[in-house]
Amino acid sequence: MIDQASGLRALVSKNGIHNSKFITIASGKGGVGKTNFALNFSYILAQEFKKKVLLIDADIGMANIHLFLDLDPVKNMKHLFMGERIENIIQKAYAFDALLGFSGLDELYEMDDMPMQTVIAQLDAVSKNYDYIIIDTGAGIDEKVAAFLRASSKSYIITTPEPTALMDAYALIKSMYNMYGYESFKIVVNMCRDREEGTLTFSKLQISVNKFLDIDVDLLGVLPYTDNLKTAVKKKELIAKSYPKDAYTKSIRQICKEELKIEPKSQERFWQKLFHFMGKS
Ligand SMILES: Nc1ncnc2c1ncn2[C@@H]1O[C@H](COP(=O)(O)OP(=O)(O)O)[C@@H](O)[C@H]1O
Ligand SMILES: [Mg+2]
């Protein structure tokens, strides 16, 4: 059985179908902890669970992952569209790899004349090397964030217990569902006082989603507020590395375990779809 399944996987991966899981991390409101979640989730999956992980900074115009990882900001996705080999742009960060984003808002729009099929072919080829491709996006729901969500079979929505963050998370889910019929959401509640505050926050969101949209959402995890995260950020370190026993790190480790229980779902032509949704192909 196992041999048959792996044979099948090898076969489909030749036809542009990935076994890698694309997970897009989004939020309604900014500053809720998406980037820190993406970084520490990638770190633990790679470092502790030995998965091959590529973290992509898709906060277009305000990419900032290089600041947390002390990487060379010059090597970013812009160069992919200028004909550079992707292997020269991807950088090592601890046990995972990182692909940095565009730093200026106009950069994506300057790429119109680039051969999209070449870019897609490079991204496709490299994606097959990873078990997980984690995509950190900017806040809100512009067409670019929507495109990443639509192309991913999975999305994690980060919120905090604050009413404004919760309202914006609901607005994001609502527009993704109403505009595109997208309904694959897992919720992470960050900066909680305790587990109860997180589950209560999640239920408020779930009640609205059930009632007004007639779909369901899952609670993926509750992350505590912790000063250790701020200390780590100031030192350009990852909390998961510097404070492996902090409750925040433990919660992310638990989310990794939950994610690893789920059988990989093959995903067809992620990059092709993404650029199509962005109106670029
Ligand atoms: N669980 C947490 N506890 C304490 N501070 C946090 C926590 N999560 C995020 N922060 C702080 O919130 C700020 C925004 O985090 P960031 O990950 O950059 O958010 P986003 O990517 O959603 O804009 C950072 O200054 C970070 O230090
Ligand atoms: Mg961010």
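Biologist: Let's start with the strands. Which residue in strand 9 does Cys 192 stand opposite?

Modeller: Bear in mind that this is a predicted model. Strand 8 covers residues 185-192 and runs parallel to strand 9, with five bridges joining the two. The residue of strand 9 that stands opposite Cys 192 is Pro 224.

Biologist: And how many of the seven residues of strand 9 are buried?

Modeller: Strand 9 spans residues 218-224, and here buried means under 20% relative accessible area. The strand is largely enclosed by the rest of the structure, because the buried residues number five.

Biologist: On to helix 10, then. How far apart are its end C-alpha atoms?

Modeller: Helix 10 has 15 residues, 247-261.

Biologist: Now the cavity. Which helix gives the largest share of the lining of the largest cavity?

Modeller: The search of the whole structure finds one cavity of 30 Å³ or more, and the space in it is about 80 Å³. Twelve residues line it, with Met 77, Phe 102, Phe 148, Phe 275 and Met 278 nearest its centre. By class, the lining has twelve nonpolar residues and no polar or charged ones. Three of the lining residues, the largest share, come from helix 11.

Definitions and conventions:
Residues are numbered from 1 along each chain as its sequence is written. Chains are lettered from A and ligands numbered from 1 in the order in which they are written. This is a predicted model: local features need pLDDT of at least 70, side-chain atom pairs count only at pLDDT 80 or more; totals for chains, interfaces and linings use all residues. Side-chain values use heavy atoms; hydrogens and water are left out. On a 1 Å grid over the protein atoms alone, a cavity is a set of points where a 1.4 Å probe fits but cannot get out, and a pocket is an open set with protein on both sides within 12 Å along at least five of seven lines; lining residues have an atom within 4 Å of a point. Grid points are joined across faces, edges and corners, and a volume is the space filled by probe spheres set on the points. Helices (H or I, at least four residues) and strands (E, at least two) are DSSP runs, numbered from the N terminus. Ala, Val, Leu, Ile, Met, Phe, Trp, Tyr, Cys and Pro count as nonpolar, Asp, Glu, Lys and Arg as charged, and the others, Gly among them, as polar. The expected span of a helix is 1.5 Å times one less than its number of residues. Buried means under 20% relative accessible area, exposed over 50%, partly exposed in between (1.4 Å probe, protein chains only). Two strands pair if DSSP finds at least two bridges between them.
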